[in-house]
Amino acid sequence: MTDPVLPARVVVTGATGKLGRAVVAHLRGVGVDVLAVDRVGGRDPRDVDGEFLLVDLTDYGQVVEAFTGGADEHAGGIGAIVHLAAVPAPGLMSNAVTFANNSAATYNVFAAARAAGIRRVVWASSETVLGLPFDTPPPYAPVDEEYAPRPESTYSLNKALEEEMARHFCRWDPELVMVGLRFSNVMDVEDYAPFPSFDADPRARRWNLWGYIDSRDGAQAVERALAYDRPGADVFIIANADTVMTRSSASLLAEVYPGVEIRKELGEHETLLSIDKARRLLGYEPRHSWRDHVGPAAGDPA
């Protein structure tokens, strides 16, 4: 896989979130000119490092202005959109508020990008469309992109509808490239300290098949997706290569989901959120693991 060819200037929405911060830093680090966008109540844009614009994504006019250089002191020339902004999980706000915010924001981003002639959109879909919290067992393991979405919350329902919306935007405009990244549970290095304790109860993290995504690898996936040039809408699971557990992946499935079909020979700690498609088509390859930071893998004696 050759090094990605990236657009020169990109808007990143949700830029002050956990993943957003990592994505903005990563893209700027590889030479991309980033306009960071978010809605942070009471925050002065001058307090944010680099170019930043306060935007309410539920207001279509503000989105168009941000994407076309209409805001004072912010240039146009946007080559791609990275849309990460959202109420980030179920249960944080009422269902109706979550749906109203996330659906309107994503529609406005998709529509404004098309209106502005921006042909490349990468957005945060979610692992939740796979059937989380897996109270109903997954159809097989590792799970992949080959079965239909199974939303089990309002948040996840909206993510599934975003994927369908992208398909229709691309049907209307065959030149569009729209890439949905089904991110797993985003983690920074400081989040890894409790990971060894997860082994005490393997059912506690079954809700996402013991998956996670290091924010730095999430940012790498965004970079790869920005270079993806196949027209149309596509989705990719983005997780780390391992699980959050020290127990083997096979033993976890045998104990918690004994009736689920295992479709491949599993590595010792291999992710059960398949990243094979992202590896094959995006050239994505995780570079980080929680094991590098805590526990025996970080250098302590076993």
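Student: At what angle do helix α2 and α3 pack, and how far apart are their axes?
Tutor: Helix α2 (residues 60-68) and α3 pack at about 45 degrees, and their axes are 9 Å apart. The axes are lines fitted to C-alpha atoms over the stretch in contact, with angles from 0 to 180 degrees between N-to-C directions. Helices (H or I, at least four residues) and strands (E, at least two) are DSSP runs numbered from the N terminus.

Student: What does that make α2 relative to α3?
Tutor: That angle makes α2 oblique to α3. Under 35 degrees counts as roughly parallel, over 145 as roughly antiparallel, 65 to 115 as roughly perpendicular, and the rest as oblique.

Student: What should I know about the model itself?
Tutor: This is a predicted model, where local features need pLDDT of at least 70 and side-chain atom pairs count only at pLDDT 80 or more, while totals for chains, interfaces and linings use all residues. Residues are numbered from 1 along each chain as its sequence is written, and side-chain values use heavy atoms, with hydrogens and water left out.

Student: Thanks! Back to the helices: which residues make the contact of α2 with α3?
Tutor: From α2 come Y60, V63, V64 and F67, and from α3 come N108, V109, A111, A112, A113 and A115. Contact here means heavy atoms within 4.5 Å. By class, that contact has 9 nonpolar residues, 1 polar and no charged. Ala, Val, Leu, Ile, Met, Phe, Trp, Tyr, Cys and Pro count as nonpolar, Asp, Glu, Lys and Arg as charged, and the others, Gly among them, as polar.

Student: And how do α3 and α4 pack?
Tutor: Their angle is about 20 degrees, with axes 10 Å apart; α3 covers residues 95-115 and α4 residues 154-172. That makes α3 roughly parallel to α4.

Student: Who meets whom there?
Tutor: On the α3 side you'll find, among others, F99, Y107, F110 and R114, and on the α4 side residues including Y155, L161, E162, F169 and W172. The contact of α3 with α4 divides into 10 nonpolar, 7 polar and 2 charged residues.

Student: New topic: how much space lies in the largest pocket?
Tutor: About 860 Å³. On a 1 Å grid over the protein atoms alone, a pocket is an open set of points with protein on both sides within 12 Å along at least five of seven lines, a cavity is a set where a 1.4 Å probe fits but cannot get out, and lining residues have an atom within 4 Å of a point.

Student: What about the largest cavity, what's its volume and what lines it?
Tutor: Its volume is about 40 Å³. The lining is P142, K264, E270, T271, S274, I275, D276 and R279, which divide into 2 nonpolar, 2 polar and 4 charged.

Student: What's the phi of F134?
Tutor: About 55 degrees, a positive value although F134 is not a glycine. F134 lies in the loop between β5 and β6.

Terms used:
Points joined across faces, edges and corners; volume = space filled by probe spheres on them.
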